[in-house]
Structure formats: structure tokens, C-alpha cells
Amino acid sequence: MKDLRLEIDGEVATLVIDRPQARNALARQTMRELDNVLGSIHESGARVLVIRGAGARAFCAGGDLKELEHMRSESEAADMATAMRATLDRIPKLAMPVIAAINGDALGGGAELAVACDFRVAADHARIGFAQISLGLMPAWGASERLAALVGRGRALYMLFSGAIISAGESKALGLVEEVYAGESFDERVGELARKIAAAPPDALAAIKTTVNAVRPHHNPELASEIIAAFAKTWADPAHWDAVANLERRRRDR
């Protein structure tokens, strides 16, 4: 794989988004590789999957705008969103637990990936934000409904409307992440947690996940069509591309 790195250590699989030059943002190639890994990870023999970013600065900074900016039409945006939503919907269907190890900032589409996982642990310096609104967009990969289930309607709407970027500590207080670890011991603590879970019988892990999903579904395929259509409309809107251009100007002026 070009953009991802899969490491197997006993019964723990770690999937690393390895694009540090782009703050581990998701290009179309990255999205395809992610779908392929999630579609075949059961063949690895692992009992637990950890998803993280390379380095310590970023878990995932969202979609790679430089790579995606050539996609201007509603149909292209809808195709991309349909594929990526289906990719993230693979996670709750997996029999194994999937942990988001938020080693750094999880923003936009990166936050969508984080909340699609079964639960989240974060380094103390990490930040989480659904910043799509700052680009005139809305989440399209299932984050709106997943976030509401995690933190409640009002808090979800506040985060989505404001684009607020919050600290790891604030995220734990909201119930968005389950644990916060010191940055210097983050890798060690994540490894300990993953190995502890992987020591349990796989049938027990699968049954627990199935039972919880039955009570609180972690994907809502019946909402996909309407949400993707709304996202595609905002993507093709000139206001989105004006916001992207303004963001690029601010970055150049720093």
C-alpha cells in the first residue's frame, strides 16, 4: 500500500495512515486502501484493530483538499461520499473491536473516521473538530448521526454548527473519547489496552459488539441517500470553493 501501513503484532492489528506530509489527510488512493483493508482484515487473524495516524501531530486532518479540488460536480462528490460512507460502515460490521487511537488532531473527515470506530482513546495534545462547516460543507460519511448518539443532540449540533475544535480533555468530558493518555506514554498505553482486549475469546468480543450494536446501531444506511445528496449539493456550491480558496490564501500568508 502507498498511503497506509498495516502492522500485525500477535492478535493486534494496527492500521497507520502514513501521509505525514499531508497531516495524514485522506486522498482518493488512501480511501481505496482503507476500504480494501477493512474488507479483508478478518483474514489477518487479528482480534483487535487499532487505527491511528503516523507521527504525533495528526490522527487524520480530513480529506486532502489539494488532491480533491478537481472534483467540482455534484455527481463526483456524491460518488466519493457514497464510497467513503460505505467504507466507514464496514467498521461496525466487523466482528473485532476497532479502536481509534487519536495520536494527534482529528479534523473534518478525520473526526468522521474516529467516531466510526467502536471507541476512541486520545493523546492529551490531540484535538477533535468537525470543521466541515468552515468550508461550507456538512459531514457525509455518517458522522452527524454517530456524533449525536455519542454526545447527544444539542452537543452534536453545537459542534457541527460551530466547527468547534476541542481538546482531548473536553472530548472525554463530553463522552466523545473514553480515555486520554499522556503523549509520551500514548503508544505504550494503547498497546496495553489492545493486547488486554485481544486476550479475550473472539466469539465473546463479537457477541458483545453485536449486542451493543443491536441496542444502539452505529451505522444508519437508511439515511445515506438523503445525506449524500445534501453533501453533494454543498460541495458543488460556489460558496464551498470560495471558502477553500480563502483557506489556501490564509495558509500562504502565515
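**The whole chain**

Keep in mind that the model is predicted. The chain contains 12 helices and 10 strands. Its C-alpha atoms fill a box of roughly 50 × 40 × 40 Å along the principal axes. How does the radius of gyration fit a compact globule? For 254 residues such a globule would have a value near 18 Å, and the chain has 17 Å, so the two agree.

Of the 254 residues, 50% count as buried. Take the contacts between residues at least 6 apart in sequence: 75% of them join residues at least 24 apart.

Here are some whole-chain values to keep at hand:

| Feature of the chain | Value |
|---|---|
| Accessible surface | about 11800 Å² |
| Share of that surface from carbon and sulfur atoms | 53% |
| Positive side chains | 31 side chains |
| Negative side chains | 34 side chains |
| Distance between the centres of the two charge sets | 3 Å |

**A closer look at helix H3**

Now find helix H3, residues 74–88, in the structure. At 1.5 Å a residue, its 15 residues should span 21 Å. The end C-alpha atoms of H3 are 21 Å apart, so expectation and model agree.

Which residues of H3 are buried? They are Ala77, Ala78, Met80, Ala81, Met84, Arg85, Thr87 and Leu88. Against which helices do these buried residues pack? Their partners are H1 (28–40), H4 (90–93), H5 (109–116), H6 (143–151) and H11 (224–236).

Terms used:
Residues are numbered from 1 along each chain as its sequence is written. This is a predicted model: local features need pLDDT of at least 70, side-chain atom pairs count only at pLDDT 80 or more; totals for chains, interfaces and linings use all residues. Side-chain values use heavy atoms; hydrogens and water are left out. Helices (H or I, at least four residues) and strands (E, at least two) are DSSP runs, numbered from the N terminus. The radius of gyration is taken over C-alpha atoms; the globule rule is 2.2 Å times the number of residues to the power 0.38. Buried means under 20% relative accessible area, exposed over 50%, partly exposed in between (1.4 Å probe, protein chains only). Contact means heavy atoms within 4.5 Å. Accessible areas come from the Shrake-Rupley method with a 1.4 Å probe; for residues, only the protein chains shown count as cover. Lys and Arg count as positive and Asp and Glu as negative; His and the chain ends are not counted. The place of a charge is taken as NZ of Lys, CZ of Arg, CG of Asp or CD of Glu. The expected span of a helix is 1.5 Å times one less than its number of residues.
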